[in-house]
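Here are some notes for reading this model. They take the ligand surroundings and then a few single residues in turn.

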Amino acid sequence: MSPALPEGEPVPPDGSLPSWVASGAGGTVPATRGFGVYLHVPFCSVRCGYCDFNTYTASELGGGASQASYASTALREIDLAARVLHDAGLPERPVSTVFVGGGTPTLLPAGDLVRLLGGVRDAWGLAPDAEVTTEANPDSVTPESLAELAAAGFTRVSFGMQSAVPHVLATLERTHDPRRIPDVVRWARDAGLQVSLDLIYGTPGESLDDWRASLEAALATGVDHVSAYALVVEAGTKMAAQVRRGEVALPSEDDQATKYELADELLTAAGLTWYEVSNWARTDADRCRHNLAYWRGDDWWGIGPGAHSYVAATGAAPAGASPEDARVGVRWWNVKHPRRYAALLEAGTSPAAGRELLTRTEGRLERAMLGVRLREGLDLAVLSPAGRHAVAGLVANGLLDGRAAVAGRAVLTLRGRLLADTVVRTITDE
Ligand SMILES: C[S@@+](CC[C@H](N)C(=O)[O-])C[C@H]1O[C@@H](n2cnc3c(N)ncnc32)[C@H](O)[C@@H]1O
Ligand code: SF4
């Protein structure tokens, strides 16, 4: 169902990192580089027709893996991760951000999420100001479960609201009652949690007024963070088949652009400012630090089936590597199915399915792709000469901010945000 994993080279059975990742003798991690942990919870009560995330309903899961045993299995990977990072000789750092995503993390009892956070704390320690987020479906929380999470150290919850309009939610096959949104936001805030709402625009049949109603309903809750994503109809999903059969019609690019502009207008008017193409926050403190760290190229370990991880090199390049071939970091990804994931960990083996050793050029491209989507923009020095050369044309076309470019940064204009993929392609065209 969900997309195939990338090809890559094999990972040693013990999960060990290449020796050049850390010099082992005085390699230092820049003080600004954080260390995040992503915990994937691959379960949902029903699969929404548009979703191709690595998640399983009870009937899709089959034997050999269960929701009930999942926390214990994932804790094994946390132990393995602590051992691998320690053995690599990387400087020990407390975790700056934790993000529990899914799937539907809150399908697990709150006690399981608390155990997982406890595992992270035991393995590395949590920074005193650590951000700890869980995603949640609005129909899978109670005031009690949210209070239990907050008491255990969770600081933030991100609810999948998607829309306030019943026919849109029905097309998306969402199960929650939109009237519940103000309640869950209030419960979370009463528990002391920061709250974010996820919205989707461009669902087949959604009018501009429907989208306005969803934005207004989200803002009426007083939230300090909103993510608004254009619906992507991924190949292989039920919705892709409905589109192919002509049962539902996708919106035009103009419709999507108008909806993005409306989102930016209403969210900005309510005091939420964009800080990434699809994310708006009231203050800097309301931004999702976990995602920012990912977009800025920090280190993170992804726990769970299909989760990806990245660790940047602090040590010397492998002997004989040319400057451009020198490896700047390693990215790996876990096997996708929860059954295989559990079996590998039970056998004491790394659940990693493959890895990529990033060259300097690949690392630069990745930094450019992620960094340019941020309001703070991208240091033009990250770009190749061809990429820097393309900046003037993008400024002339109104996609990049001229003043920022003169100051050495690539910052998207509103038009540029609408065409962010085009900008990325242009500045990374080697
Ligand atoms: C994978 S979900 C996990 C959280 C939770 N299960 C939920 O659905 O609310 C995270 C977010 O990704 C977004 N998302 C998932 N599939 C998407 C798609 N095909 N197009 C746009 N956004 C999508 C939704 O807004 C969702 O809230
Ligand atoms: S609830 Fe979230 S993760 Fe689960 S199928 Fe729906 S969108 Fe995907």
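1. By class, the residues around ligand 2 divide into five nonpolar, three polar and two charged. The model is a predicted one, so please read each value below as computed from predicted coordinates.

2. The residues that surround ligand 2 are Cys44, Val46, Arg47, Cys48, Tyr50, Cys51, Gly103, Thr104, Asn137 and Arg174. Cys44, Cys48 and Cys51 are among them. Cys44 is buried, because its relative accessibility is 13% and the limit for buried is under 20%. Cys51 is buried as well, with a relative accessible area of 15%.

3. With cysteines in view, how many disulfides does a search of the whole structure find? The search finds zero. For reference, a disulfide is a covalent bond joining the sulfur atoms of two cysteines.

4. Ligand 1 has 16 residues around it, and those that come nearest are Gly103, Gln162, Arg174, Asp198 and Val232. The shell around ligand 1 is made up of seven nonpolar, six polar and three charged residues.

5. For Gln162, a polar side-chain atom is 2.7 Å from an oxygen atom of the ligand. For Asp198, an N or O atom in the side chain is 2.7 Å from an oxygen atom of ligand 1. On its own, ligand 1 has 540 Å² of accessible area, and the protein covers 91% of that.

6. Three strands each supply at least two residues of the shell around ligand 1: β4 (156–162), β5 (194–201) and β6 (225–230).

7. Thr134 belongs to strand β3, which runs over residues 126–136. Is Thr134 buried or exposed? Thr134 is buried, because its relative accessible area is 2%. Apart from neighbours within four places in sequence, Thr134 is in contact with Val100, Pro105, Leu113, Leu149, Phe154, Arg156, Val157 and Ser158.

8. Gly329 sits in strand β11, residues 327–334. Its relative accessible area is 0%, so Gly329 is buried. Leaving out neighbours within four places in sequence, the contacts of Gly329 include Trp20, Tyr310 and Glu356. Gly329 and Pro385 are 56 residues apart in sequence, and their C-alpha atoms are 22 Å apart in space.

9. Asp264 is part of helix α9, residues 253–269. Why does Asp264 count as buried? Asp264 counts as buried because its relative accessibility is 10%, and the limit is under 20%. Ser278 is 14 residues from Asp264 along the chain, and the C-alpha atoms of the two are separated by 9.4 Å.

10. Gln242 is placed in helix α8, residues 238–244. Its relative accessibility is 17%, so Gln242 counts as buried. Beyond the neighbours within four places in sequence, Gln242 is in contact with Glu247 and Val248.

How values were computed: Residues numbered from 1 in each chain as written. Chains lettered and ligands numbered in written order. Predicted model: local features only at pLDDT ≥ 70, side-chain atom pairs only at ≥ 80, totals over all residues. Heavy atoms only, no water. Near = heavy atom within 4 Å. Polar contact = N/O pair within 3.5 Å; in protein donor to acceptor, adjacent residues only side chain to side chain. Areas by Shrake-Rupley, 256 points an atom, 1.4 Å probe, with all protein chains shown as cover. Helix = DSSP H or I, 4+ residues; strand = E, 2+ residues; numbered from the N terminus. Nonpolar A, V, L, I, M, F, W, Y, C, P; charged D, E, K, R; others polar. Buried < 20%, exposed > 50% of the residue type's maximum accessible area, 1.4 Å probe, protein only. Contact = heavy atoms within 4.5 Å. Disulfide = S-S within 2.5 Å.
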